[in-house]
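Subject: Structure handover

Dear colleague,

I am passing on the structure that we talked about, and below it I have written out what was found. Please read the notes with the structure open beside them.

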Amino acid sequence: MGFSHTFVVPSHNQADYVGLTVESLLAQDMAGSEIVVSEDFSVDHSMDVLRRFGDRIRIVQPPEHRGMAFNWNWGVSHARTEWVSIMGADDLALPRFTRVIAAGVAAHPGAVVVSGDVDQIDADGRVLLSAGTVTAKRVVSPPETLYRLVPANMVQVAAHAFRRDAWEKAGGFETRLRLYGDWGLWLKLSALGDFAHVRQIIAQYRVAYRPGIAKGRLPQSLRDDVDVQMTLIPEIAATMSGIDAARLRAGGRQRFRAVLRETAGMLEPDERAFAVEILRDWAGQVGERRLLERFADGGAVPTGWRGSRARGALREAYRRVRSVVRPRP
């Protein structure tokens with residue numbers, strides 16, 4: 001059986017970009033992927049844009065507006081292929097996307113997720129940086145799949161495909177998480193098979209065009225982080241054999257510190273009370289109550305390795321090398 005694949009585009013009020021997204025999917029140099037747009041009750045002119053594509057795409061609509069993860073699941077439920085990729089309605093697939101993913105699937109038959117790398121672009125499509133995953137291995141098997149996802153979402157947004165039957169077995173994107181539903185799915189899939197990664201840039205992820213959105217979403221993103229670390233990860237770990245609890249704790253502590261650093265960069269000391277309240281139980285779980293107290297008092301949060309100059313220099317060197325050897329579209 002050949003490679004069968006669907007792009008699912010969840011869309012909500014993205015009339016300025018969704019047409020460009022669909023055009024990038026239609027321009028794949030490996031033809032044959034279906035395109036399903038799950039249109040989530042936009043109040044702009046998104047439907048007018050989408051109707052121009054006629055029968056080259058399928059437009060579906062969920063029964064009600066219930067947020068991102070619910071809309072993603074609705075779109076995937078209409079896919080009729082073995083493999084599915086979620087493509088944000090403001091992101092772009094490079095022409096080689098499907099070809100590279102298909103090659104990754106062929107090379108790693110045990111994979112439930114195959115991912116690539118992305119460029120980050122601004123509102124006008126200018127490349128801001130190439131967000132390659134420096135430490136990504138070509139293939140990772142359980143339980144290493146789980147360990148690598150605990151500190152951060154390591155599957156590049158806009159540059160992945162997953163097996164539809166694995167999505168169904170896992171229960172779909174995690175609807176308990178308002179903003180991190182994709183991370184929730186990867187965590188659940190980590191128990192079901194290998195994750196393969198191809199070190200090629202295959203998509204462009206749009207950032208830095210909605211000022212203030214990160215701070216506005218901060219309360220919910222912190223709640224999602226707490227739910228991931230204190231509820232979802234223990235649930236998944238309980239289904240897997242041979243789990244090293246110490247590695248899970250270390251990963252959770254690394255994530256806590258990273259979240260606290262990022263939050264400190266967004267909030268003035270007199271704005272931090274709500275964050276302290278949300279993070280209190282998680283801080284206790286990972287043994288970081290003192291660090292949370294320092295944060296609450298307005299103190300600096302240590303950068304650690306992830307925020308260090310050495311790591312920044314390493315990533316910059318990597319980006320320079322990638323720009324030299326980067327494959328042509």
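The largest cavity is lined by 14 residues, and those nearest its centre are Val140, Arg148, Met154, Phe195 and His197. On a 1 Å grid over the protein atoms alone, a cavity is a set of points where a 1.4 Å probe fits but cannot get out, and a lining residue has an atom within 4 Å of a point. The volume of this largest cavity is about 180 Å³, where a volume is the space filled by probe spheres set on the points, and grid points are joined across faces, edges and corners. The structure holds one cavity of 30 Å³ or more. At least two lining residues each come from strand S6 (111-121), helix H5 (144-149) and strand S10 (194-206); helices (H or I, at least four residues) and strands (E, at least two) are DSSP runs, numbered from the N terminus. By class, the lining has eight nonpolar, four polar and two charged residues, with Ala, Val, Leu, Ile, Met, Phe, Trp, Tyr, Cys and Pro counted as nonpolar, Asp, Glu, Lys and Arg as charged, and the others, Gly among them, as polar.

Before going further, please keep in mind that this is a predicted model, in which local features need pLDDT of at least 70 and side-chain atom pairs count only at pLDDT 80 or more, while totals for chains, interfaces and linings use all residues. Residues are numbered from 1 along each chain as its sequence is written, and side-chain values use heavy atoms, with hydrogens and water left out.

Next come the helix pairs. Helix H11 (residues 273-285) packs against helix H12 (residues 289-296) at an angle of about 165°, and their axes are 9 Å apart; axes are lines fitted to C-alpha atoms, for helices over the stretch in contact, and angles run from 0 to 180 degrees between N-to-C directions. H11 and H12 are therefore roughly antiparallel to each other, since angles under 35 degrees count as roughly parallel, over 145 as roughly antiparallel, 65 to 115 as roughly perpendicular and the rest as oblique. In this pair, Ala275, Val276, Leu279, Arg280, Ala283 and Gly284 of H11 meet Arg289, Leu292, Phe295 and Ala296 of H12, where contact means heavy atoms within 4.5 Å. Sorted by class, this contact of H11 with H12 has seven nonpolar, one polar and two charged residues.

H12 also has helix H10 (residues 245-266) as a partner, as their axes come within 11 Å and cross at roughly 0°, and H10 and H12 are therefore roughly parallel to each other. Here Phe256, Arg257, Leu260, Thr263 and Ala264 in H10 meet Leu291, Leu292 and Phe295 in H12.

In another pair, helix H7 (residues 181-189) and helix H9 (residues 218-237) pack at an angle of about 20° with their axes 10 Å apart, and H7 and H9 are therefore roughly parallel to each other.

Two details of the backbone remain. A cis peptide bond, with omega about 5°, joins Pro142 and Pro143, and Pro143 is placed in the loop between strand S8 (139-140) and H5. Asn13, a residue other than glycine, has a positive phi near 55°, and Asn13 lies in the loop between strand S1 (5-11) and helix H1 (18-26).

With best wishes

Notes. On a 1 Å grid over the protein atoms alone, a cavity is a set of points where a 1.4 Å probe fits but cannot get out, and a pocket is an open set with protein on both sides within 12 Å along at least five of seven lines; lining residues have an atom within 4 Å of a point.
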